[in-house]
Every structure is written in structure tokens, then in C-alpha cells.
Amino acid sequence: MQDYIEGDLMEVYEERVKRLGKRKADFKFIIDVLLLFRSGIIRPTEGYKHVNNYDMFKSYFKIGWRNLIKNKGYSFINIAGLTSGMAVAILIGLWIWDELSFDTYHENYNRIAQVWQHNTANGIISSDMAMPWVTSEELKNNYGSDFKYVVQSTWTESNTLTYGDIKFNKQGNFIEPQATEMLSLKMLSGTRDGLKDPHSILLSASTAKTFFGATDPLNQMMRVGRRTDVKVTGVYEDLPGNTSFKNVEYMLPWDLWISINPWLKEMDDPWSGNFTQTFVQLNDQANFDVVSDKIKDMKLNKVKAAADLNQKPEVFLHPMSKWHLYAEFKNGKNIGGRIQFIWLFGTIGVFVLLLACINFMNLSTARSEKRAKEVGIRKSMGSLKEQLIAQFFSESILLTLTAFMLALILAQLALPFFNEVAGKKLGLLWSNPFFWLLAIGFTLLTGFIAGSYPALFLSSFQPVKVLKGTFRAGASASIPRKILVILQFSISTMLIIGTIIVYHQIQFAKDRSIGYDKSGLIMMAMHNSEIHKHFEAVRTELIESGSIIALAESGSSLTSVNNINSGFNWKGKDPGLAVEFANTDVSLDFGKTVGWKIKSGRDFSSEFKSDSTAFIMNEAAAKYIGFNEPIGETITWNGNPYTVIGVVEDVVMESPYQAVRPSLFYLTQDAGNMVIVRLNSNKNMPETLAKVETVFKRYNTVSPFEYQFVDQEYEKKFGDEQRIGKLSGIFASLAIFISCLGIFGLASFMAGQRTKEIGLRKVMGASVLNLWRMLSMDFVFLVMISLFIAIPISYLAMNAWLQKYEYRTDIAWWVFVVSGAGALLITLITVSYQSIKAALANPVNSLRSE
């Protein structure tokens, strides 16, 4: 700047020497130099030290606010984009916070673990959390120095609780007394020692209210199941939704479970059955890996059964901090789990917010010539580059603060819908100081990211060029904007492609044949029911009434596998082959009731007494065994021979995305865990259910009448993927919306910049179509480039995602065509308004404005 001033003074001096002479020129030169010594021109060597920082920043924000009001259209686009992006980031942040804080309700969660085991069969290592019921005792007796608490527990399952005439099925566990300390239950009444009484029960607060209302439940007597009486010894605070024990509505003593199951102590080999859970809390000095190494051969040294020995069980500890996010194992290695969703949605949140920041960058730099004179004047008046950067950053932070306040309101309004889609109960943490600390940091960071490029770009202008009117941004100035637009649409297109593929995978799995007819089927858990005793009477009465078509009993529900066993042999089996089959005990009319599809052989029949020792296998089992003709072949199970009488199409009872497990079905007189009913679809559904309820209640006075529709339970298997699809679709739509806001703003600016050109072209005979094409093609070209970037990246990412599913769709070519065409169409629609508006303008007005 100094060189420019000196150059101007010398030019004027030389001109005066020629015109006035040297003497007069010297005098006027001295006067000019003295006049330059003004406070507005002289620049302090260390900035405006005499200016109060508060006043300076107040001035910055005042100027920023004026610019915000002056340019309402661009301000609206920027604020709308940033508000949408920040609202998405807030919602995703709340979801991630809830996921990462899973199980932290328990004070000692970083010292708690569950005992798991690896088993090797046919060279493949499987991992399971089910453990023998004697595991706790062994750990206490021989490894007690490493543990503060060791707790054995049943699975969380339904039981009928009764108080007077009040009956409800509730979920709970039989568990050892130390569990209350380990899980740091917050007792509302009673103490944590409540389970030391073998005939006691602890209730959650909501369960206690259900049965006792405002009455004090302590020392009240309740009945569990048909005949077990217990005393309420405590009430604990309801466990939150983000804990692994959220469904535990009551706790019963472990010793009570042992006493009502005397067969446990009669087992020849108590280590051969895996049907309970074991939890531990380490001592403060102990380490998970070290203790895992100590106990790894614990089961191997105790088990007697050859089948278990051959699988070389290896015991290890799985820390509570990894239960929720790192629950998946493959071949003995932890491969993650829900942590993939944390990365997925975290990345989406960052991308959507980045799109909004890109809008601000693009629109700010596009309007650079509008603010060039302001920069030139400020610099000529002595402003430092650092001060100009601070000015532009203050404007971006002001805009971001405004957007953040609106984003909080938008997030609060969207939370009910977001919770429904995400399956959560989230809320903004208004009273949490840490939330506000993060919010301030988040807002400032967003402001700095959004304002970084504009601040550096605008503050770099040369004041002499600006003030002389020779400044032009030039073609090179638009290159960064074009790159940012390409980045925007690349991200948006990837989200669109990903959403389509997720939905396609879900539909592919839904269209899969499941091996039975799930419509019109209901099932009821009968753990404590008396229906089994009166099964024939119930079946006959309901069928004769015309309310149902068939009724059957089963050892497991149609949407899960309860039993997986080994000990199977057949002719030609490799002696070294370790085999585990799913096996389900059923009653005679099971096949008729569920409508399974016989591929060969026949169904169970009362005409054949030999069916009591018969198997019906699914196609997966027939293929695994390798029989050329399975019908009539003999399979022994723990030494007992069974004849194969039929092969059915694979019945999908587990994940619809995975291969069906080899399964065997057999008749038994004790298949009383579940009752499955085929309703008469020709009858009125409410009346049919009322009739079924009436008959069931007459024969079952112990448990309440509760049922589940099989098709609804099966639909729940798609829950995680449907949530991913819905959330991805919402975020993709917002990404497109934000990108289109930016494109709309840029199109408006470019149309304004080319007003004279458009006018001249119209005068020269250009049509509206030609002008529309000219103004739109720049953006179409950028979107085309973004498609070439987005499509291969999307293919690689989604193909990797699909690999986790055994039953998966192929990525069809039309997905990319539809996504690309959609992106192009949206772009054209967005820019067409401004393009056509400019093309239709009167060229006389356009040229006059120049």
C-alpha cells in the first residue's frame, strides 16, 4: 500500500514540475505529504491497540447484521440450509449420545462383563453367551480372587404374576442376590439384600404400580406362575431404555429357580447344557484379558460329553462396555455390531452439515465483487488483513448462531417423529451444562468452517485494483465454487443411491418364501398355562365353533429357534464332523396349522403310531446330510433312532437375511411352550378373537390371555434395516434440499451477473429455450461430474454393506440410472426458475441497467 501511495505522489509531483515549476511543486508536495498524516490513514504497526476489543467486535456484529438484513434472499438461503443441517446434526448427535452411553446407568459398567464361550466345529469358531448353570459356582470357588461379584441368571422371560384378582404377564429373571449390587439398582423401597430370601421378589417401580397402585407393596404376597408364592422385599427404579436390562420388570432369587427345577441336580453332566447366563464384576486390580486367559479352559476341564469336548470350548469375558456396540463375533473374533450405525449416521450428519457450509462458502464468494469495494475502502483506511478476516468470521458466526437457535426449535419439533422412526425416547438436554458446552463449540466450529474460505478469499483483494474499478474475480475464482457444487451433489447422490439399495434389500428379503403361511396365525406363550392339559377340549370346541381352522402346540415360536442340539448320527456320516441341528418339538397338527410346504414324503399323522419316533426335516438339513432320498433314512439322536418321513421347504424362523439353519421337527406329548392358532379368515376378526379368548380363559385360570400375530412378529425382523432406510431417506431428502438451495442461490446470482449478455443475445435473436439451455448447462455439467464420482463410490460402499447378509440382493443398474436422472431433473427444476425468469426479461431493461 505504501508503494502505491508513494507512486501516486511522485506522478503528481512530476506533472506539477512541468506545469508550475520545481519550487511550487516542492511546496505542494510537502503539503500533500503532511495531509496524509491523518488518523484514518496512518496504520498502527500493531493494529488498533487504542480501540476497545468489545467495541470492535460490537462493530463487526453490527455490520454483519446489516449485511444480513440488506441481502434477505441470500441470508434466507444460508440460514435455511444451516438450520436444516444443524438440526440434522443435533438429532443424530442425540442418537449417537444415547448409543454411546448404553449401560452407563450401572455405576460399575466399566468393570462388569458377561461370560461367553467359543466352540470350534468343522474348523469354524462360534461364539455364544449361553453358559452351563454351574458356571457361577465354579468361578467363585476357583477364581474368586479376581471377582467382586459373580452372578448366574436365567434369560429374561415372561411369567404370570398374580396379586389377588390382578394378573399380568411380566418379563423378568431368576438371578443371584449380588446382582442388585452389581447393577447398582436404585431402590425406592426395601434394600438391595431383598433377593437373599429364597421366596422373595423385587419389582420395578412401574410393575409395582400396576399391581398395587398407591398401596405400599413391601411384604405383600404374590404368586409366580401356577403355584409359587413369593413376598415383595423391594421396589427399584425402572431401568432406562438404553441398558441391556431394560426389559427386566421383576427379579426372583436364583435359589428359587433351582428348587422348582430339581432335574438340574440330577444331570449326569451339568456342564453339557448351555441355557443360562453368567455375569461378573472384576476386582479393581483385575484386567479383562488377563482373567479371560485364566478361565479359558474352565469348561474344557469340567465337561464330560464327547461332543462338547470335541468342540474345545474356550471361556472368555465380554465387557459390558462392548455389549451393545460390539456384540457380533465371526470365527472367534469380535467384528463389531451396532458401532457401524454410529459411523454411518455420524458420517451422514457431518456430510449434511458440510453441504450447508458449502452453500455459505459458495454464495459468499460468488458475491465477492459486490463486497470488493468495501474491502478496498477498509484496506485503504488502514484495516489489517487479520481484522478483515475477523470481520468476515464474525458475520459467519452471527449467521450460524441465528441458524443454531432455529435448529434447536426445529429439532424439538422433529423429535417425536424422529423417536418413532429411530425407536428411541430421546429429548434435548436443556438442563445439561455439557450439552450447552458442546452446543457452543459446535456452533463456533460450524461458523469457522462455513466462514473460513470466504474470509480468506475476500480479505485477499488488492485495494488499488478494487478502487480503480479494474478488479474482476475472473474465471479462476469460480473453480473452487464448482468443486464445492460437485462435492455437494456427489454426497447427495450417494445418499440417494444408498437409500434405494437399502429399501431394495429389505424388499428382497420380504419377498423371500418363508416356508409357511403367516397370515391369519396367532401364537401364545403358555409357560404357566393350563391349556396343555385341556388341549384337545380347547381344540375341539374352537374348531366346532368355526372360529379357527387348526390349533397346534410347539416348543418354540414361529419366529425364533429355542433349541439347538448336537448328538446326531446317520449312515455315512464323517466321524469327525461336528453337527448341530435346530430341533422343534411339535404336536400332531403343527404342519396343518402353519401351512408348511411338503417337498417330499408326508406330514405327521395319527394313523402312524411310529411317527412318535419320526423326523420331518427341512431342505437345509437334507442338503447338509446329503441323502439322495431322505425318506425312510434313519437318524440317531443321542443313541435313539428316528425315521425321516418328510422334507419341508425351509421355514424361516430366524433372520430373513441369513441362510436357514438345518432343522428337525418331531412329535412330543409335552410341546406346551407355545400354542399356535390358524384363525378362520372368513369370520369377523374381532368376534373370532373374542371367542378364542372366552374358551382359553375358561380352561386357563392362571395366566392372562395374550397373543401375537405371527405376521407382525415376523415384520419386526426388518426393524433395524427399515430404520436405516427411513432415516437415510430423510437425510438424503434434506441433503438434496440444502444442495438445491445453494444451486438456486448461485443460479440467481449468475443470472444477475449475465444480465447484459442475456439482453444482447435476445436482441441478436436468441430464443428463450437457447437462453435456458445456456444458463442451465453449467450446472448440469457439474452434476454429471458428481455422478461419475458418486456412482463408483456408492457401489463399493453398498456392496461392502450387503456382504454381511447371506441372503442379499444384487445391485441393479437401474438404481444408478434412477438416482442420476433424479439428480439431473432436480437440478434442472431448481435452476430453471431463475434461468427462464432471466430469459423472459425485457432486453431493453437489461441493457439499460448496465
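How many aromatic pairs does the count come to in this protein? The count comes to 38 aromatic pairs, where rings of Phe, Tyr and Trp (its six-membered ring) pair if their centres lie within 6.5 Å, with planes under 30 degrees apart called stacked, over 60 edge-to-face and the rest tilted. Keep in mind that this is a predicted model: local features need pLDDT of at least 70, side-chain atom pairs count only at pLDDT 80 or more, and totals for chains, interfaces and linings use all residues. Residues are numbered from 1 along each chain as its sequence is written, and side-chain values use heavy atoms, with hydrogens and water left out.

**The big picture**

- The protein has 26 helices and 26 strands; helices (H or I, at least four residues) and strands (E, at least two) are DSSP runs, numbered from the N terminus.
- Of the 850 residues, 49% are buried. Here buried means under 20% relative accessible area, exposed means over 50%, and partly exposed is in between (1.4 Å probe, protein chains only).
- Take the contacts with a separation of 6 or more: 78% of them come from residues 24 or more positions apart. A contact means heavy atoms within 4.5 Å.

**Aromatic rings**

- W95 and F345 make an edge-to-face pair, at 5.2 Å centre to centre and with 75° between the planes. W95 sits in helix α4 (residues 72–100) and F345 in helix α11 (residues 339–366), so this pair ties together parts that are 250 residues apart in sequence.
- W95 is buried, at 5% relative accessible area, and F345 is buried too, at 3%.
- Y707 and F709 have ring centres 5.7 Å apart and planes at 85°, so that pair is edge-to-face. Y707 is partly exposed at 33% relative accessible area, while F709 counts as buried at 19%.
- One aromatic cluster is formed by F568, W570, F581, F615, Y624, W637, Y642 and Y666.

**Helices**

- Helix α24 (residues 768–802) has 35 residues, which at 1.5 Å a residue should span 51 Å; its end C-alpha atoms are 47 Å apart, which agrees. The expected span is 1.5 Å times one less than the number of residues.
- α24 also has a kink of about 40°, centred on S776. The bend at a residue is the angle between axes fitted to the seven residues ending there and the seven starting there.
- S728 belongs to helix α22 (residues 719–753) and counts as buried at 7% relative accessibility.
- Leaving aside residues up to four places away in sequence, S728 touches F345, I348 and T499. That F345 is the ring partner of W95.

**Strands around β23**

- Strand β23 (residues 640–648) runs antiparallel to strand β20 (residues 598–601), with 3 bridges joining them; two strands pair if DSSP finds at least two bridges between them. G601 stands opposite G646 in β23.
- Strand β21 (residues 614–618) runs parallel to β23, joined by 5 bridges. N618 has V648 of β23 as its bridge partner.
- Strand β22 (residues 634–637) pairs with β23 in the antiparallel sense over 4 bridges, and T634 is partnered with T643 in β23.
- β22 and β23 form a hairpin with 2 residues between them, and N638 in the turn has a positive phi of about 50°.

**Strand β16**

- In strand β16 (residues 548–554), 6 of the 7 residues are buried, so the strand is largely enclosed by the rest of the structure.
- β16 pairs with strand β25 (residues 674–679) in the antiparallel sense over 6 bridges. E553 has V675 in β25 as its bridge partner.

- Most residues other than glycine have a negative phi.
- S184 lies in the loop between α6 (179–182) and β6 (187–190) and is buried, at 1% relative accessible area.
- N219 has a positive phi of about 70° although it is not a glycine. N219 is found in the loop between α7 (205–212) and β8 (221–224) and counts as exposed at 54% relative accessibility.

**Cysteines**

- The disulfide count comes to 0, a disulfide being a pair of cysteine sulfur atoms within 2.5 Å.
- C357 is buried, with a relative accessible area of 2%, and C740 is buried at 12%.
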